[in-house]
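I record here what I looked up in this structure, entry by entry.

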Amino acid sequence: MLWRRAGHRHHHRATLSDAPASPPPGEADYRVGRRARPGAPGHRFRDRTSVRVAALAAGCAAAWAGWQYFDQAEPTADAAAPTAALSVVADAAPDEGIPALEPNAVVLTVIDGDTMDVDLGGRRATVRFIGIDTPEKTGGYLPAECGGDAATLRTAELLPPGTEVHLQRDQELYDRYDRLLAYVYRASDGLFVNRYLVLDGYAGTMHFEPNTQHRAVLDTAEAAARAAGRGIWVDCGGPNQQLEGAS
């Protein structure tokens, strides 16, 4: 219980003072480690101080337990992903796979051919691959397109859950849907996944300024896929071909 000092000028806050002659109902006679002697000089002040210290310790323990819980929980999308871990795009992307890279994210699930969820520094983030566009899959938000299911399956084969990846940013970090924009490399062997999906005919190119640092590499891959008649270029007649009956 809080008691106001008689005549105290700061009436906006309560302060601890000596307790009244008779303890309020329920006031314990038992203190830390021994029975208090009511009426002993200063015992009430010591007892109240002990209560305050115990309450403070309990509060700190609860806060620590809560911090530990949230820190160790599965990645959530509620908090912004720590994007500082993303590497800055190089002047030019290699035309082939490069040596193993230091991972900065782990694949959680593939959503479709050019989108996935990753664990980025303990937070869940949706990543949209820069510079490419795979056909829409069956059961997605948009009408299904020829090659969409095949592209989703191929990306899932390349990047199954638990795969460590290296995400590389360009100028703009997010799109209008708040998805993280990145060039995706498989960390174990340096496979440039964006380029591979285009080169093997699972995706076409799609460029938006200012994220065009690897445009030349991706355009070259698309030209090669078209010339070789791979994937959507032979099976579908090109990208963005809606399936008959899809709506």
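Entry 1: I looked up Tyr 185 and found it buried, at a relative accessible area of 3%; buried means under 20% relative accessible area with a 1.4 Å probe and protein chains only. The model is predicted, so I note that local features need pLDDT of at least 70 and side-chain atom pairs pLDDT 80 or more, while totals for chains, interfaces and linings use all residues. Residues are numbered from 1 along each chain as its sequence is written, and side-chain values use heavy atoms, with hydrogens and water left out.

Rings of Phe, Tyr and Trp (its six-membered ring) pair if their centres lie within 6.5 Å; planes under 30 degrees apart are stacked, over 60 edge-to-face, and the rest tilted. Tyr 183 and Phe 192 are edge-to-face, because their planes stand at 70° with the ring centres 6.1 Å apart. Tyr 185 and Phe 192 are stacked, at 4.7 Å centre to centre and 15° between the planes. I logged Tyr 183 as buried at 1% and Phe 192 as buried at 3%. Tyr 183, Tyr 185 and Phe 192 form one aromatic cluster.

**Entry 2: nonpolar cores.** Which residues touch the most other members of the largest nonpolar core? Among its 27 residues, they are Met 116, Val 127, Phe 129, Leu 159, Leu 167 and Val 184. A core here is a set of buried Ala, Val, Leu, Ile, Met, Phe, Trp, Tyr and Cys residues joined through side-chain atoms within 4.5 Å. Helix H3 (193-199) is among the elements that supply at least two residues of this core, and H3 gives the most, with four. I listed the contacts (heavy atoms within 4.5 Å) of Leu 159: leaving aside residues up to four places away in sequence, Leu 159 touches Val 107, Val 110, Met 116, Phe 129, Val 165, Val 184, Arg 186 and Val 193. Another core, of six residues, lies apart from the largest one and includes Tyr 183, Tyr 185, Phe 192 and Val 217.

**Entry 3: the lining of the largest pocket.** I counted twelve nonpolar, nine polar and twelve charged residues by class in this lining. Ala, Val, Leu, Ile, Met, Phe, Trp, Tyr, Cys and Pro count as nonpolar, Asp, Glu, Lys and Arg as charged, and the others, Gly among them, as polar.

How values were computed:
Buried means under 20% relative accessible area, exposed over 50%, partly exposed in between (1.4 Å probe, protein chains only).
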